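Here are my notes on the model you sent. Please read them with the structure open.

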Amino acid sequence: MPAKVAFARDVDEGLSKEQKTLPSRYFYDGTGSRLFQQIMELPEYYLTRCEQEVLTTNKQAMAALFARGSYFHLIDLGAGDALKTKVLLAELTQQKLAFDYVPVDISGDAMQQLSKSLHNEIPNLKVEAVVGEYFQSLDWLQENKSERKVVLFLGSNIGNFEEPESIRFLTSVRSYLQPGDQLLMGVDLRKDPEMILKAYDDASGITAAFNLNLLQRINKELGGDFNVNQFRHYAMYNPLEGVMRSFLISLSDQDVHIQGSNKTYHFNAWEAIHTENSHKYTIPQIKMLGQLCGFRIEKVFYDSKQLFADVLFAVDQ
Ligand code: AVJ
């Protein structure tokens, strides 16, 4: 199915629900990817800096655990600009490990830029970029099933999934791995709710622009007539569930027409569109999640404040 058709279908499905939703994977058009890069540099958005610290501090230990004397594929799910992965790539290259790099991302722009920048920065690295959604990356895993693999799933991207979806996804990843393969997964840990809230509702309004850009993308690609000024970003954290949720709130009674679905959608004043979940975890939860999907924790790497963790999973026999 062409990407635009799927987008139109998903938007129509989400906006036709009793409680309106839009899938967060559609944030990342050109503008959205640029806004996310700005988010990663915000003082409030601690996640990227923490994970960068985890990788920088532990790159040698990680490389030692990846090295098993045989050639492997390093598969980076949701690679984006791969700023964090580059720390590892430099280390693995320096240690002369035999591997190639397979970044996977839904943003074609991002994959083109990444291939180019890697060609300049690490000319000897073999790169095979894949443009597609996470589930499409599974095809690649399947095609290369017999070869050794280290899968990276960094940045707490897992946090966007609801629990059943995360189990389904990790179980499918596991089904294409074999004993000796590994998964390094970044997870955002539970912490002061105020700190989490600020990370998703920053003072300069970049996260608000990122959320609202989804409506602009619908206008551009599907011929929508959203008045973006009539919606407001709203984020809240539930400390019982450990879930950060983001919404777009309709500021008035209004109708929006979308040519792509040839439909008009009504929004009541203060009605919400749910656009994103970002789950925060405890290590016991992650251990449990791994177990459910056929993974065993080999090692947990933390930043100095223990705000974030990169968990290395081994594949059970
Ligand atoms: C890219 C999914 C990890 O949930 O923290 C950042 C996306 N949304 N600010 C996250 C995001 C709002 C981010 N992930």
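1. Seven strands make up an open sheet with mixed pairing, and their order is 3-2-1-4-5-12-11. At its edges sit strand 3 (130-131) and strand 11 (295-302), each of which pairs on one side only. Bear in mind that this is a predicted model.

2. Look next at one pairing inside that sheet. Strand 4 (residues 149-153) and strand 5 (residues 182-188) run parallel and are joined by four bridges.

3. Helix 6 (residues 134-143) lies across strand 1 (72-77), strand 2 (99-105), strand 3 and strand 4. The angle between helix 6 and strand 1 is about 170°.

4. Strand 7 (residues 243-250) runs antiparallel to strand 10, and seven bridges join the two. Within this pair, valine 243 stands opposite histidine 279 of strand 10.

5. On to the domains. The domain assignment gives two: domain 1 (3-43 + 194-279) and domain 2 (46-189 + 282-314). Each is therefore built from two separate segments of the chain, as the assigned bounds show. Their C-alpha centres lie 27 Å apart. How many residues does each domain bring to the contact? Domain 1 brings 18 residues and domain 2 brings 16 residues.

6. The lining has 22 residues, and the closest to the pocket centre are Ala3, Tyr26, Ile106, Glu133 and Arg217. Helix 1 (3-15), helix 5 (108-121) and helix 9 (206-222) are the elements that give two or more residues to this lining. Helix 1 supplies the largest share, six residues.

7. What is the make-up of that lining, in nonpolar, polar and charged residues? Eight residues are nonpolar, five are polar and nine are charged.

8. Why does the second largest pocket lie between the domains? Domain 1 and domain 2 both give residues to its lining, so the pocket lies between them. To inspect this site, start from the five central residues, Ala3, Tyr26, Ile106, Glu133 and Arg217.

Conventions:
Residues numbered from 1 in each chain as written. Predicted model: local features only at pLDDT ≥ 70, side-chain atom pairs only at ≥ 80, totals over all residues. Heavy atoms only, no water. Pairing = 2+ DSSP bridges. Contact = heavy atoms within 4.5 Å. Axes fitted to C-alpha atoms, helices over the stretch in contact; angles between N-to-C directions. 1 Å grid on protein atoms, 1.4 Å probe; cavity = no way out; pocket = protein on both sides within 12 Å on 5 of 7 lines; lining within 4 Å. Nonpolar A, V, L, I, M, F, W, Y, C, P; charged D, E, K, R; others polar.
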